[in-house]
Amino acid sequence: MTPTGEQLCYTDAYLQSVDARVAAVDTGDQAALIVLDRTVFYPGGGGQPADRGLIVRIDDGRSWAVRAARKVDGEIVHELEAVDGEPPAVGDSVRVDLDWARRLALMRTHTALHALCGVVWRDYGALVTGGNMEPGAGRMDFEFEHMSGDLVDAIEASVNTELAAARDVRVEVLPRDEAFAIPDLIRTKVNLLPPGIDEIRTIEIVGLDLQADGGTHVANTREVGGIRVTGYESKGRINKRIRIELVDAP
Ligand SMILES: [Zn+2]
């Protein structure tokens, strides 16, 4: 199903705010759910949590906190904090504002995880099996049988070198066939995507990493700063987890 609302986070990750109109309201049991004709919210997915922020009605300045967002049948749905009183109504003109400090931290963290993933693949050929993040910290799991403390130190240093190299981060949307033709993209399990999807969004850290991905990222690795490995652990004989946090560039 093609969504009717414009989903601006995928084309401009730096858009913090946009004017919109309320397209649908579901008052639900707990919290009202709002669909807008356009939004800057990221609905969560691929290990990146959904945005938080505000919906402000233009007419009277009343505002509602948005505690989460998610995709329902392709539409981005905004979940309001439970409040007394009416939610905005269908047709209301509103401004939708992100909690930008939090989103920017997630963009930096997400980009750092791609750099980590790119280094581990390039230097050790280890596949990613999963990942997760919060603002400023994240983890990735790898099929990486021979990981050790020494290797983790070397990985941290290499990731920081790559981030400091000021590499551009490019977003592209490719036809499915063209995306499948990129050999390394398979490691991010592009082949698990449902057959109905005919376009694939890719994120490239130019010269380091290319992945099929739906998240939001900074435009250049220098915006990340640096990383520190805060821990690593075995999740089995093969599967290993590396935890990182963002730090100022070393
Ligand atoms: Zn990503």
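Which residue in β3 does D26 stand opposite?

Modeller: D26 faces L33 in β3. Bear in mind that the model is predicted. The two strands are β2, residues 17–26, and β3, residues 33–36. They pair in the antiparallel sense over 4 bridges. Their hairpin has 6 residues between the strands. In that hairpin G28 takes a positive phi, near 45 degrees.

Now look at β2 and its pairing with β8. The two strands run antiparallel and are joined by 5 bridges. D19 has R95 of β8 as its bridge partner. Strand β8 covers residues 93–98 and also pairs with β5, residues 53–57. That pairing is antiparallel too, over 5 bridges. There R57 has V94 in β8 as its bridge partner.

These pairings belong to a barrel. It is closed by 6 strands, in the order β2-β3-β7-β6-β5-β8, with antiparallel pairing. On average, neighbouring strands of this sheet are turned by 45 degrees against each other, direction ignored.

L36 lies in β3. L36 counts as buried because its relative accessibility is 3%, and the cut-off for buried is under 20%. Leaving aside neighbours within four places in sequence, L36 is in contact with A20, R21, V22 and A23, among others. Its contacts also include G5, I55 and H78. V94 and V96 are in contact with L36 as well. I76 is 40 residues from L36 along the chain, yet their C-alpha atoms are separated by 8.0 Å.

β9 pairs with β10, residues 137–143, over 7 antiparallel bridges. E134 has A137 of β10 as its bridge partner.

α1 is mostly covered, with 18 of its 25 residues buried. Its length agrees with expectation, because 25 residues at 1.5 Å a residue should span 36 Å and the end C-alpha atoms are 35 Å apart. G125 follows α1 and has a positive phi, near 65 degrees.

The protein donors of the zinc ion are H110 (NE2), H114 (NE2), D213 (OD), D213 (OD) and H217 (NE2). They lie 1.9 to 2.8 Å from the zinc ion. Along the chain the donors follow the spacing H-x3-H-x98-D-x3-H. H110 sits in α1 (residues 100–124) and H217 in the loop between β13 (209–212) and β14 (226–234), so this pair ties together parts that are 107 residues apart in sequence. Both H110 and H217 are buried.

Last, the cysteines. The structure holds 0 disulfides. C9 counts as buried because its relative accessibility is 1%. C117 counts as buried because its relative accessibility is 1%.

Technical notes: Residues are numbered from 1 along each chain as its sequence is written. This is a predicted model: local features need pLDDT of at least 70, side-chain atom pairs count only at pLDDT 80 or more; totals for chains, interfaces and linings use all residues. Side-chain values use heavy atoms; hydrogens and water are left out. Donors are N, O and S atoms within 2.8 Å of the metal (3.2 Å for Na, K and Ca); water is not among the atoms, so sites may look incomplete. Buried means under 20% relative accessible area, exposed over 50%, partly exposed in between (1.4 Å probe, protein chains only). A disulfide is a pair of cysteine sulfur atoms within 2.5 Å. Two strands pair if DSSP finds at least two bridges between them. Axes are lines fitted to C-alpha atoms, for helices over the stretch in contact, and angles run from 0 to 180 degrees between N-to-C directions. The expected span of a helix is 1.5 Å times one less than its number of residues. Contact means heavy atoms within 4.5 Å.
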